[in-house]
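Please look over the charged side chains in this model and report on how they pair.

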Number of protein chains: 6
Amino acid sequence: MESTENYLPSLITKTPLEGRELAVKLARKSIAAIQTDGEIRKKLRDQYANDTSQLIASAHVIATEFQTIAKANDYWKTMKGS
Amino acid sequence: MESTENYLPSLITKTPLEGRELAVKLARKSIAAIQTDGEIRKKLRDQYANDTSQLIASAHVIATEFQTIAKANDYWKTMKGS
Amino acid sequence: MESTENYLPSLITKTPLEGRELAVKLARKSIAAIQTDGEIRKKLRDQYANDTSQLIASAHVIATEFQTIAKANDYWKTMKGS
Amino acid sequence: MESTENYLPSLITKTPLEGRELAVKLARKSIAAIQTDGEIRKKLRDQYANDTSQLIASAHVIATEFQTIAKANDYWKTMKGS
Amino acid sequence: MESTENYLPSLITKTPLEGRELAVKLARKSIAAIQTDGEIRKKLRDQYANDTSQLIASAHVIATEFQTIAKANDYWKTMKGS
Amino acid sequence: MESTENYLPSLITKTPLEGRELAVKLARKSIAAIQTDGEIRKKLRDQYANDTSQLIASAHVIATEFQTIAKANDYWKTMKGS
């Protein structure tokens with residue numbers, strides 16, 4: 001872990017959309033846990049943002065994180081859907 | 001997140017087919033969260049739509065998103081099957 | 001989505017084997033959702049049917065779809081096993 | 001599907017080990033559903049059996065199939081463990 | 001299956017750590033189910049133990065197997081944590 | 001297993017953040033179970049920390065491990081969220 005910032009105080013979010021945003025954040029924090037140099041990460045980011053294989057792989061990670069978050073929030077069932 | 005549009009007001013869909021469409025949408029929104037330039041995404045799209053490895057990887061992401069959506073909808077069990 | 005055909009009226013199938021067939025179908029429909037040109041898909045199909053990496057990746061997608069379908073059918077537990 | 005043989009009459013197995021064997025079988029049947037020519041599959045088999053990346057990917061598919069089978073059998077909890 | 005040895009009499013383990021060890025074992029047995037020649041496996045092992053992509057892929061398989069084992073053991077909740 | 005150290009006395013953690021840290025640890029221990037030479041692992045680490053594909057793949061493993069840990073902790077629902 002690169003810092004002591006608590007980036008995950010809870011898995012509970014108000015809305016499904018916030019759950020998606022949390023999923024993206026968790027995926028990014030995992031990468032930061034391995035590549036701890038923020039400057040290097042910024043350079044690497046250009047690489048995967050332009051490589052479709054890596055974009056798809058990133059989307060897979062987000063989907064996996066979202067499974068956990070959605071379950072934690074009981075799929076936001078008590079909200080009114082659109 | 002590239003915009004404040006709420007693309008996911010709810011995980012609940014009327015039918016399994018709409019659940020599939022939502023799964024495809026979520027996968028696309030994940031990619032848009034990383035590659036925020038819509039013009040670049042359009043160009044990249046031609047690449048993965050013609051590369052079988054990437055098509056299969058995309059199908060895997062959709063399958064993962066659909067697991068979450070199907071669970072949220074209790075597998076649409078209260079609907080009449082065909 | 002390339003057409004309005006309802007390829008998924010329900011996740012419920014009579015037998016586990018039909019569940020497998022539905023899993024294969026869902027995987028194919030995901031690919032069709034991205035590569036909407038049927039002629040191109042037919043050509044691409046020859047590629048992945050002869051590439052073991054891609055066959056294995058396809059099997060992974062089918063396994064993931066089947067998890068959802070099997071759960072929806074409560075694992076067909078009320079059927080008599082062989 | 002290459003034949004009408006019912007290779008999956010049930011997800012229920014007597015033992016965890018038989019569950020593993022069924023997981024391997026399901027993975028193979030998925031590949032056969034895509035590459036329907038048995039002769040070609042036999043040739044392809046030599047390829048992936050000697051390529052560690054593909055062996056690991058195959059093991060991942062088996063692990064995914066086994067998750068479903070183990071759940072269907074309630075993890076064989078009513079059996080006596082060793 | 002290369003032998004009739006029952007390598008999986010049960011999914012139940014005494015501790016989480018033994019659960020991890022079982023996950024590693026299951027991943028290895030899957031590979032052995034496909035590449036049945038032990039001599040070839042030994043040679044292949046040197047390859048993936050020095051290739052980070054394959055090490056990460058192996059870790060993914062172990063994580064997937066562990067999900068099943070942890071669930072089977074109800075996450076060892078009745079044990080006292082450290 | 002390279003040592004008899006008990007790196008996983010329990011899946012229970014006090015907070016979601018500690019759950020993330022445990023997920024990272026489990027992923028690392030899986031790699032150590034296969035590549036048992038710590039010196040080699042240190043060299044390999046430089047490789048994957050600078051390769052975006054491998055960083056994303058590592059994030060996927062962490063996400064998978066976290067699913068198990070989050071479930072074991074009932075998603076830390078009894079904690080107060082932020």
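What follows is a short report on salt bridges in this predicted model.

A search of the whole structure finds 12 salt bridges over all chains. Side chains of opposite charge can pair when their charged atoms come close.

| Salt bridge | Closest N to O distance |
|---|---|
| K29(A) with E5(A) | 3.0 Å |
| R20(F) with E65(A) | 2.8 Å |

**Within chain A.** K29(A) and E5(A) form a salt bridge. This pair links distant parts of the chain, 24 residues apart. K29(A) belongs to helix α1 (residues 16–34) of chain A, while E5(A) lies in the segment before α1. How accessible is K29(A)? Its relative accessible area is 22%, so K29(A) is partly exposed. E5(A) also counts as partly exposed, at 42% relative accessibility.

**Between chains F and A.** R20(F) pairs with E65(A) in a salt bridge. The contact crosses between chains. R20(F) sits in helix α1 (residues 16–34) of chain F, and E65(A) in helix α3 (residues 52–72) of chain A. Are these two residues buried or exposed? Both R20(F) and E65(A) are buried.

E65(C) and R20(B) are buried.

Technical notes:
Residues numbered from 1 in each chain as written. Chains lettered and ligands numbered in written order. Predicted model: local features only at pLDDT ≥ 70, side-chain atom pairs only at ≥ 80, totals over all residues. Heavy atoms only, no water. Salt bridge = Lys/Arg side-chain N within 4 Å of Asp/Glu carboxyl O. Helix = DSSP H or I, 4+ residues; strand = E, 2+ residues; numbered from the N terminus. Buried < 20%, exposed > 50% of the residue type's maximum accessible area, 1.4 Å probe, protein only.
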